[in-house]
Amino acid sequence: MSFVKSREAILLAAIVLLLGLIATRFPAFITPHNLASVYSDTTPLMILALGQMVVILTRCIDLSVAANLALTGMVCAMINVAAPDLPVGLTILIALTMGAALGAINGLLVWKLAIPPIVVTLGTMTIFRGVIFLLSDGQWINAHEMSATFTGFPRQVVLGVTVMGWIGLAVALLMALLMARTALGRSFFAVGGNPHAAVYTGLNVGRAQFLAFVISGALAGLAGYLWIARYAVAYVDIAGGFELEVVAACVIGGISIAGGVGSVLGTVLGAMFLGIVKNALPVVDISPFWQLAISGAAILIAVTFNARSGRSKGRVILKSAEHAQ
Amino acid sequence: MGTGQGPVAAQGAVLALDRIIKTFPGVTALDQVQLELHAGEVTSLIGENGAGKSTVVKILTGIYQPDGGQILLDGEPVSFPTAQAASGAGVTAIHQETVLFEELTVAENIFIGHAPRTRFGLIDTAQMRRRAGEILASIGAEIDPGVKLKDLGIASRHLVAIGRALSVEARVVIMDEPTAALSQKEIEELYELVETLKAQGKAILFISHKFDEIFRISDRYTVFRDGQFVGAGKIADVSEGDLVKMMVGRAVDQIFPKRAAQVGDEVLKVVGYSHPTEFEDINFTLRRGEILGFYGLVGAGRSEFMQSLIGITRPSKGAVKLEDHVKVIRSPAEAIEAGIVYVPEDRGKQGAILDLPIFQNVTLPSLRETSHRGFLRLAEEFALTRQYTERLDLRAASLDTTVGSLSGGNQQKVVIAKWLATRPKVIILDEPTKGIDIGSKAAVHEFMSELAAEGLSVIMVSSEIPEILGMSDRVIVMREGRIAAELEGDALTPETLVRHAAGIGVKGEAA
């Protein structure tokens, strides 16, 4: 399929159109500096959406990502309070590991006990939030309790973009590499596209789903550190309800909820679209209520569009086989 | 041979099909077929797999619309645009697997969709129970209409399904393999039920593969072959041998280019393979360069056995020897590793991944070969794909095209290419040409021949007699989960295949 006709190109055009509309009301929005800051702000959403993308590709869903982010972020903040001199690199490693471990819990429940993913992650979402409360006693950890390097690292600016933004870019590139150039990435598409055929081809569907949850969890953990450090505050309800925005970014980005279809670029663009809407509406003086309505409308349009483009494809595999016998 | 009398004009028939045509992309499922059903009589519809029996049932019950011809009810042309229209006209079917609802009561199951209403439009439970009780009593079933279906055994559920079919004012009752899941005692009860229905003047269409049943209960027969009407008449006027001949007919007039193969050493030996429910005590050997056909009726356990052989399900006992080494195959991945691959029957569901491009489908089981240090090399993937798709003469704009956009025949080629690319020792093809057009069929056959000539061992599961006869060096016939016969050479004829598959027993000479 040529790029011009692809879902990604249409989404990119929609984003450009959106920026153009915003610029007519508030030209300063599209200055490079402001766009860079919008991009940075959107990085956590993008990172989470990239993890969610893998999960949705395998016909699952991960509703626990925001809770995972909050729990891992809280743990990072508490470690920072206890050991302020811990190198940031190590904190990030802890965040990734812990997030992956939380994701592995989801993955194991889905793989080994065959519980529907929506039920599993709804459960772990609530449990993770509960654990934060137990750990923190419901207390906030505020900026002054965290070390300057801990909070400063994601906000450092390198070549006009924050470190957080660069991390997001690195994640996107790594995910693109994983999806396009590894057997594991290919197996996510295969398992979601046709689980039966995947089994016959020697792939282990449950294992692929497990690994998808681990990836989603690891990225949620990473986003957990970045979020807590960026906003310099940790509490129970941080990023509450954010999982829905993450799923929305995936859907807008053209990831099929039915599994097996989607791309890294689409997901990135889906996240950016939501990020721009969210950042632009306040400056052009539109109530935040509209932000929700516009996000919702974008989801419906994206899903309708995906459903239609799917239908037009010659999908009549062996209708004639029905005649047999 | 007893080609019966041609279709008598719909004189006296309750329901008749007149020159019905039904086509599907690339295939003519029914080609001007005739069928007549008479009041108070049982007509058996007989034919091999693929003869068009199920298509007829679907047309009679309003699920499919014919592309030509007429349905005549009492001699008047009618059409059944929906299932409701068919049941409204008094045509009802007892299917192979009737869908019932576990959590609903017997009465609710019987009247689902057309429950009697009170004057407020609510379901009249009392009347529904009473009428359900009457219907069940009329077929001699002692079942309380108030119990939930989940509390009933299989046999009682079957009676509920029949009750449901009779809850509409039925004039025509279609029974599609009604005895498939029943015990001998239950079958006897079903025969009695058929007699009851006959006495009530209903016209019955009976579909079965079992000759003893056909002769036991039918009054008339109609034979189809490859979607065409072959003959019809009174069952008293024909013998089993006549019917078998009509079913298989000119079975081998299609061209199957099986070359004389150099059959070599033993490659695969299967000993005592058994499964708790699907098959028992399967023993055979397979040689290099051989095409071994597996013939049987649908439900004979062929596909189930093959799936067990490649590790999708576990056998309860049995062993596999591959080139003299005992292999334990616990998963498809291990089967592929060992060199046994399976091309499933249902390509849409089990074969291709439609949203992925051709090359990604082909290389899926061979990704280890096309990667270096954990990263896939697209150039090598394309090279591997091209190597096999060119051999199979796959026509596609680009190897980057999604498989979903290809024709059925080409999808089949992608699936076969996928398996060949793993360089197997044994390839199992399950109904390799089902549902594909004649041209692609010939190509698949030609190719199978080539593979065997190159020393690959092929197992071909097929329900098409011409294909089995034309392509196989040797044929194993399965019936009810067991090997019924192993045939080769002169013993391999359409008649012997059908007799062993249906369990008629090869007695005497069918002349």
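Modeller: In helix α13 of chain B, the residues B:Glu381, B:Leu384, B:Thr385, B:Tyr388 and B:Thr389 are buried; buried means under 20% relative accessible area, exposed over 50%, and partly exposed in between, with a 1.4 Å probe and protein chains only. Viewed down the axis of α13(B), these buried residues fall within an arc of 120 degrees, so they line one face of the helix. The arc is taken over the directions from the helix axis to the C-beta atoms. An α-helix has 3.6 residues a turn, so residues three or four places apart point the same way. On the other side of α13(B), B:Ala379 and B:Glu390 are exposed.

This is a predicted model, in which local features need pLDDT of at least 70 and side-chain atom pairs count only at pLDDT 80 or more, while totals for chains, interfaces and linings use all residues. Residues are numbered from 1 along each chain as its sequence is written, chains are lettered from A and ligands numbered from 1 in the order in which they are written, and side-chain values use heavy atoms, with hydrogens and water left out.

Helices (H or I, at least four residues) and strands (E, at least two) are DSSP runs, numbered from the N terminus. Helix α13(B) covers residues 378-391, and its 14 residues reach 20 Å from first C-alpha to last, close to the 20 Å expected at 1.5 Å a residue; the expected span is 1.5 Å times one less than the number of residues. Just after this helix, B:Asp393 takes a positive phi of about 60 degrees.

The cover over the buried residues of α13(B) draws on both chains: it includes α8 (183-193) of chain A, together with α12 (358-363), β18 (375-376) and α14 (408-420) of chain B. Contact here means heavy atoms within 4.5 Å.

Axes are lines fitted to C-alpha atoms, for helices over the stretch in contact, and angles run from 0 to 180 degrees between N-to-C directions. Angles under 35 degrees count as roughly parallel, over 145 as roughly antiparallel, 65 to 115 as roughly perpendicular and the rest as oblique. On the α7(A) side, A:Leu178, A:Met179, A:Ala180 and A:Arg181 meet A:Ala183, A:Leu184, A:Gly185, A:Arg186, A:Phe188 and A:Phe189 of α8(A). By class, this contact has seven nonpolar, one polar and two charged residues; Ala, Val, Leu, Ile, Met, Phe, Trp, Tyr, Cys and Pro count as nonpolar, Asp, Glu, Lys and Arg as charged, and the others, Gly among them, as polar.

Another packed pair in chain A is α2 (residues 32-57) with α10 (residues 205-231), at an angle of about 170 degrees and with axes 7 Å apart. That makes α2(A) roughly antiparallel to α10(A). Their contact has 15 nonpolar, three polar and two charged residues.

Positive phi also occurs in loops. B:Glu431, with phi near 45 degrees, lies between β19 (426-430) and α15 (438-453) of chain B, and is buried at 7% relative accessible area. A:Ala114, with phi of about 55 degrees, sits between α4 (88-112) and α5 (117-136) of chain A, and is exposed at 62%.
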